[in-house]
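Welcome! Here is a short briefing on a protein chain, written for someone meeting structures like this for the first time. Please keep the view open as you read.

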Amino acid sequence: METKEHKILLAEDDENLGMLLSEYLQAKGYNATLTANGEEAYNAFVAGKYDICIFDVMMPKKDGFTLAKEIRMLNTEVPIVFLTAKTMKDDVLQGFKVGADDYLTKPFSMEELLLRVEAILRRTSGNSQVQETYVLGKYKFDTQKQQLMIGEETIKLTTKESELLKLLCANANKVLERNIALKTIWVDDNYFNARSMDVYITKLRKHLKDDPSVEIINVHGKGYKLVM
């Protein structure tokens, strides 16, 4: 299998193990990006495009389960493999609940990790196209052209409007947490960016006003939900 195209996001706070894993995967032809904690890994995921993620569970700043949960709000398809020293059944179950594709318990062999990665990529290659169009009631949303269409009318969206609507569509009928949206689109979840996002939500509601079955609702203390 050709591996040179495959990009791996690796999050491991044990510096020695992280370097070993990164160098091993690079030697096998993968493009591996090493991060030292969950926060770094999240920022790297937002900034880049990866074919598979390998996350340690116990990490500072953001643990692997929290990281995976946040990444699943941005991307429901990318495979996630957990590395952990824990063998508790509850931890394994929690890993799969937040969207893990596989689970390795330390200590593990590099060869075993490689075989797991190759198996997952064989299974998922070709299935990870980014969705380009969404149907929202009477509307059709083209993410590439940044256009919202209803009947004969075409509404040209700004980049921020399009990015925000795309995130809402990817999480349709689920809560899109404010801090996730802010960090993804505005990079920083400060007060001023939060106010800016509120303005864009208002704009999107105006664009969607011609179909009462499509609604962006506030979820108090959490974020927004695109209800269809």
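**Nonpolar cores**

The largest nonpolar core has 52 residues, and those with the most contacts inside it are Phe55, Phe82, Leu136, Leu164, Leu165 and Leu168. A nonpolar core is a set of buried Ala, Val, Leu, Ile, Met, Phe, Trp, Tyr and Cys residues joined through side-chain atoms within 4.5 Å; buried means under 20% relative accessible area, exposed over 50%, and partly exposed in between (1.4 Å probe, protein chains only). This is a predicted model, in which local features need pLDDT of at least 70 and side-chain atom pairs count only at pLDDT 80 or more, while totals for chains, interfaces and linings use all residues. Residues are numbered from 1 along each chain as its sequence is written, and side-chain values use heavy atoms, with hydrogens and water left out.

- Helix H3 gives this core its largest share, six residues. Helices (H or I, at least four residues) and strands (E, at least two) are DSSP runs, numbered from the N terminus.
- A second, separate core has 20 residues, including Leu21, Tyr30, Ile52 and Leu113.
- In soluble globular proteins, nonpolar side chains tend to be buried together.

- What is Leu136 in contact with, leaving aside its neighbours within four places in sequence? Its partners are Phe141, Leu165, Cys169, Leu208, Asp211, Val214, Leu226 and Met228, where contact means heavy atoms within 4.5 Å.
- Tyr134 lies in strand E6, which covers residues 133-136. Tyr134 is buried, with a relative accessible area of 13%.
- With neighbours within four places in sequence left aside, Tyr134 is in contact with Tyr139, Lys140, Phe141, Thr143, Lys166, Cys169 and Ala170.
- Tyr134 and Val187 are 53 residues apart in sequence, and their C-alpha atoms are 25 Å apart in space.

**Aromatic rings**

- There are six aromatic pairs in the structure. Rings of Phe, Tyr and Trp (its six-membered ring) pair if their centres lie within 6.5 Å; planes under 30 degrees apart count as stacked, over 60 as edge-to-face and the rest as tilted.
- Phe65 and Phe82 form an edge-to-face pair, because their ring centres are 5.1 Å apart and their planes meet at 85°. This pair links distant parts of the chain, as Phe65 is in helix H3 (residues 64-74) and Phe82 is in strand E4 (residues 80-84), 17 residues apart. Both Phe65 and Phe82 are buried.
- Trp186 and Tyr200 have ring centres 5.8 Å apart and planes at 55°, so this pair is tilted. Here too distant parts of the chain are linked: Trp186 is in helix H7 (residues 178-186) and Tyr200 in helix H8 (residues 191-207), 14 residues apart.
- Phe65, Phe82 and Tyr103 form one aromatic cluster.

**Charges over rings**

- Lys203 lies over the face of Tyr200, at 4.8 Å from the ring centre. A charge sits over a ring if NZ of Lys or CZ of Arg is within 6 Å of the ring centre and within 35 degrees of the ring normal.
- Lys7 lies over the face of Tyr50, at 5.1 Å from the ring centre.

**Helix H1 and its two sides**

- Helix H1 (residues 15-27) has 13 residues and reaches 18 Å from its first C-alpha to its last, close to the 18 Å expected at 1.5 Å a residue. The expected span is 1.5 Å times one less than the number of residues.
- Which residues of H1 are buried? They are Leu17, Gly18, Leu21, Ser22, Tyr24 and Leu25.
- These residues cover an arc of only 165° around the axis, so they lie on the same side of H1. The arc is that of the directions from the helix axis to the C-beta atoms.
- On the other side of H1, Glu15, Asn16 and Ala27 are exposed.
- The buried residues of H1 pack against strand E1 (7-11), strand E2 (31-35), strand E3 (52-56), E4 and helix H5 (110-124).

**Backbone details**

- Most residues other than glycine have a negative phi, and most peptide bonds are trans.
- Lys61 has a positive phi of about 70° although it is not a glycine. Lys61 is in the loop between E3 and H3 and counts as exposed, at 65% relative accessibility.
- The peptide bond from Lys106 to Pro107 is cis, with omega near -5°. Pro107 lies in the loop between strand E5 (102-105) and H5.
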